[in-house]
Amino acid sequence: MLEQLRELEEKALHELEDVNSMEALDKWRITYLGRKGSLTIILRGMGQLPPEERPAIGQAANQLKATLERAYEEKAETIKREETLRQLAEERIDVTLPGRPVGPGFLHISTRTLREIYAIFAQMGFQVVETPEVETDVNNFQLLNIPPYHPARDMWSTLHTTREGVLLRTHTSPGQIRVMRMYCPEPIRVILPGKCYRYEQVTARHEFMFYQVEGLAVGYKVTMGDLKGVLTNFARQMFGAERKVRFRASYFPFTEPSAEMDIDCILCKGKGCRVCKYTGWLEILGSGMVHPQVLRNGGYDPDMYTGFAFGMGPERIAMLKYGIDDIRYFFANDLRFLQQFA
Ligand code: PHE
């Protein structure tokens, strides 16, 4: 029996020399040390031995078990170390390679368009003032000649807050009231850019959030001629010096008279195409002479002062200028769209 154990030891250790992977090592362990392994079978056979031989054999068998277990541990160590070294060699990182470049940021197309608008009006002496996006019903409507329940409210689908009389401004025109009350009785020449909100079904032509740029000039002798001059100059700088413009009579409760300005279609040059819906003209803004009651609401005496105001959408202007056919692209944050204007 002792002989059998010695042979087993020799065979096991010899075989272990050729083991080179964890899988093979596991197989080896099962063969010699497992529940059905050679050593276990020998130990089970001990019952048949004469009692006086059992202690010596038992001791030798336990010794062998310990030897094989230690050999197993050592081999496992070696295999793991080799594995790690191999991995380190194979997956070596070249730390001298240059990093992946992070591109510089760029302005959003709406911001770029806004800045172009500021620059043009700055030449004509207009300064930029920002007014709040959360407004009172009073500023957004009532002081602009739109009383509660007046049918003119249908022109602006409104997002109300849970606070009675507080809403998200539907246009930048309430800024007219704020600025007049801030500057009165000084003359005014400002543009008021910012976000506006409307309770709209979102479509290719309508967003629930968009920018507007309001303009307001108030002074002793501000005329409709000034309005036409300023806006014509703007249109030609924005869309090309050869632009024709026309003013169409329109209606806004806070201007009288009111006019919308069109430019001749920049695509077909007025001949008629899909973009201008075969009219030859593109509408770009609403405007008018500030209504006497609105001047009064701002603190200005309409017998002494007159003014003009206008409002335009920079997204709409960018759409016309760059041939963008869906306003939803602006705030969908798809880089494939935005990067075209980098
Ligand atoms: N506030 C108007 C709108 O949103 C535009 C406008 C502004 C018209 C100023 C006239 C004067 O439709």
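Trainee: Which residues line the second largest pocket?

Mentor: They are Phe126, Pro187, Ile188, Arg189, Ala217, Val218, Gly219, Val222, Asp226, Val230 and Phe308. Keep in mind that this is a predicted model, where local features need pLDDT of at least 70, side-chain atom pairs count only at pLDDT 80 or more, and totals for chains, interfaces and linings use all residues. Residues are numbered from 1 along each chain as its sequence is written, and side-chain values use heavy atoms, with hydrogens and water left out.

Trainee: What makes a residue part of a pocket lining?

Mentor: A lining residue has an atom within 4 Å of a point of the pocket. The pocket itself is an open set of points on a 1 Å grid over the protein atoms alone, where a 1.4 Å probe fits, with protein on both sides within 12 Å along at least five of seven lines.

Trainee: Why is the contact between Arg178 and Glu135 called a salt bridge?

Mentor: The term asks for a side-chain nitrogen of Lys or Arg within 4 Å of a carboxyl oxygen of Asp or Glu. For Arg178 and Glu135 the N to O distance is 2.5 Å, so the pair qualifies. Arg178 is in helix α7 and Glu135 in strand β2, 43 residues apart.

Trainee: Is Glu135 buried or exposed?

Mentor: Buried means under 20% relative accessible area, exposed over 50%, and partly exposed in between, with a 1.4 Å probe and protein chains only. Glu135 has 1%, so Glu135 is buried. Arg178, at 29%, counts as partly exposed.

Trainee: What separates Glu83 and Arg86 along helix α4?

Mentor: About one helical turn, because Glu83 and Arg86 are three residues apart in that helix. Their closest N and O atoms are 3.5 Å apart, and the two form a salt bridge.

Trainee: Which parts does the pair Arg243 and Asp264 tie together?

Mentor: Arg243 forms a salt bridge with Asp264 at 2.7 Å. Arg243 lies in the loop between α8 and β6 and Asp264 in strand β7, so parts 21 residues apart in sequence are tied together. Both residues are buried.

Terms used. Helix = DSSP H or I, 4+ residues; strand = E, 2+ residues; numbered from the N terminus.
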